[in-house]
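Let's take a walk through a protein together. Have a look at the model first, and then we will visit a few places in it.

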Amino acid sequence: MRAAYDRGDYRPTDVVRACLERIRMLEPRLNTFITINDRMLEDAERADNEIAAGRPLGPLHGVPVIIKDNMNQAGYRTTAGYAGFAADDRVVDPVAGALNGVDLDPQKDATVVARLKEAGAIIMGKSNLPDFGLDGLRADSSHNGDTLNPFDATFAPGASSTGSATAVTAGFGAVSLGTDTAGSILFPASAQSLVGLKPSFGLLPVDGIFPGLASHHDVAGPIAKTVEDVAATLDVLAATPTGQGYQAKLRRGALQGKVIGLFEPGQWAGELHPLVASHYQKMVEIIESLGARTAHVVFVDTDWTTVWNARTFFSSCNSYLAGVDAFLAGLGGANPASRVEFAKQAGFEIGLGTTAPLHSLLAHPARNVGSDDPRLKAVIDTAEALCRKYEAILSARGIDALFLPRSVNPLPNLDGNSLDYLGDQVVGTQVNEMGLPAITVPGGVLPDGRPIAVDFVGRAKFTEAEILAYAYDFEQESQLRCTPNLGNLR
């Protein structure tokens, strides 16, 4: 897109107008946004003038981008999908009755949002998500309702970065940002035939983002239609030097000679559904045709499963509530600076009336400790030790990455079971707990039209450049991304 701007093929205003027309036609049906930027055309005209004057701001100058509404953008409230964070909405208390929500108005951008702006991106709006991002299947926001999957309204759209994925699928922007703590980028990208990257923990800043399941391994990352768009966006988010970043390292032939570990039933996930197993075998044949050497034994003859299952699960001991307090304290201005202050101002505690199935679990006082509590430190130390063990196993076998089905079962329907869907993924919780990078890539559709995907998982933390290159090689060879018939949605 940027190259086309530079050539004068079209201008940012042309692209934004085209996106806006699609929003006008399809948004009433899809319900992708919580907030739409009503100044997007002004922003596009400014980009037109800057590019015409030879003053490009960066690689995303004039590119339409959507951000998830758990990310702070100065001048726009952050709802995190929750009715209680919206003054024009209500929550209901059985005793007190209906109570108005309270707007959270951040005084500054989240760093990842600021970096998008500095690179010239046009923020189209803030996308829908389940309350606090606590669902993997669907949005079902208490403030904004459900967002639909453009492939079929009966299919699950994936969550929690639901609106971010649907916006890209529907052509409301070129790229979007999501967040991930247990599959929330990988789920919706795979459900909608998109590319989604869950970066290594610590690669990108997460200040100004409402915490997910566990604030000690939350990440933000891009969702797009192609690996190249994801890599280009990651370059901006990670502030990599021009010409030395992830996009520059994409190449055909990246899989040639690489040793790629394959799925082993019983290691992190059970047996594959017959349709998934058949599809996965075809995907393996593609990487083998590209020169990859596949390893069928990775963990099964080690004590990995025993050690992994003995860990303290993050939902049993986490700093979620401390993360919420830290987020509120960072809003600035007249915003409530803690959960206690919010309750005094609103008349109810955060979480009242939520539709999030996991909120009561994660917010339970018995499971929450301070960010510097020794019990949390033990959980983090265990995760780091597991990561070192994982890296050692792959290193000893000369394995360059894992190549896995995204889920053991086909994509469920919108009315499916959220916890079952969370458990269906082969890796998601694992890569988050250990802080490893993973990228999901389209694998076409099943006979009934449901999108299906595969994941590359890095051999170690901060191996994004490697898995992006492998994903690019696979994507360019397979060409399996599919597009929905959006005409059926009008």
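By class, the residues lining the largest cavity are 12 nonpolar, 4 polar and 1 charged. Here Ala, Val, Leu, Ile, Met, Phe, Trp, Tyr, Cys and Pro count as nonpolar, Asp, Glu, Lys and Arg as charged, and the others, Gly among them, as polar. Please keep in mind that this is a predicted model, in which local features need pLDDT of at least 70 and side-chain atom pairs count only at pLDDT 80 or more, while totals for chains, interfaces and linings use all residues. Residues are numbered from 1 along each chain as its sequence is written, and side-chain values use heavy atoms, with hydrogens and water left out.

What is a cavity? On a 1 Å grid over the protein atoms alone, it is a set of points where a 1.4 Å probe fits but cannot get out, and lining residues have an atom within 4 Å of a point. Grid points are joined across faces, edges and corners, and a volume is the space filled by probe spheres set on the points.

The structure holds 4 cavities of 30 Å³ or more. The largest cavity contains about 160 Å³ of space. Of its 17 lining residues, Arg406, Ser407, Asn409, Ile452 and Ala453 lie nearest its centre. Strand E13 gives the most to this lining, with 4 residues; helix H6 (186-191), helix H8 (274-289) and strand E13 (451-458) each supply at least two. Helices (H or I, at least four residues) and strands (E, at least two) are DSSP runs, numbered from the N terminus.

The second largest cavity has about 70 Å³ of space. Among the residues that line it are Phe263, Trp268 and Phe299.

Next, find helix H4 (residues 111-118) and helix H7 (residues 227-237), whose axes come within 8 Å and cross at roughly 110 degrees. Axes are lines fitted to C-alpha atoms, for helices over the stretch in contact, and angles run from 0 to 180 degrees between N-to-C directions. H4 is therefore roughly perpendicular to H7, a term for angles of 65 to 115 degrees. Val112, Arg115 and Leu116 of H4 make the contact with Thr233, Val236 and Leu237 of H7, where contact means heavy atoms within 4.5 Å.

Our last stop is Leu486, in the segment after helix H16 (464-478). Is Leu486 buried or exposed? Leu486 is buried, with a relative accessible area of 12%; buried means under 20% and exposed over 50%, with partly exposed in between (1.4 Å probe, protein chains only). Not counting residues up to four places away in sequence, Leu486 touches Arg22, Leu26, Pro150, Thr169 and Ala170.

How values were computed. Parallel < 35°, antiparallel > 145°, perpendicular 65-115°, else oblique. 1 Å grid on protein atoms, 1.4 Å probe; cavity = no way out; pocket = protein on both sides within 12 Å on 5 of 7 lines; lining within 4 Å.
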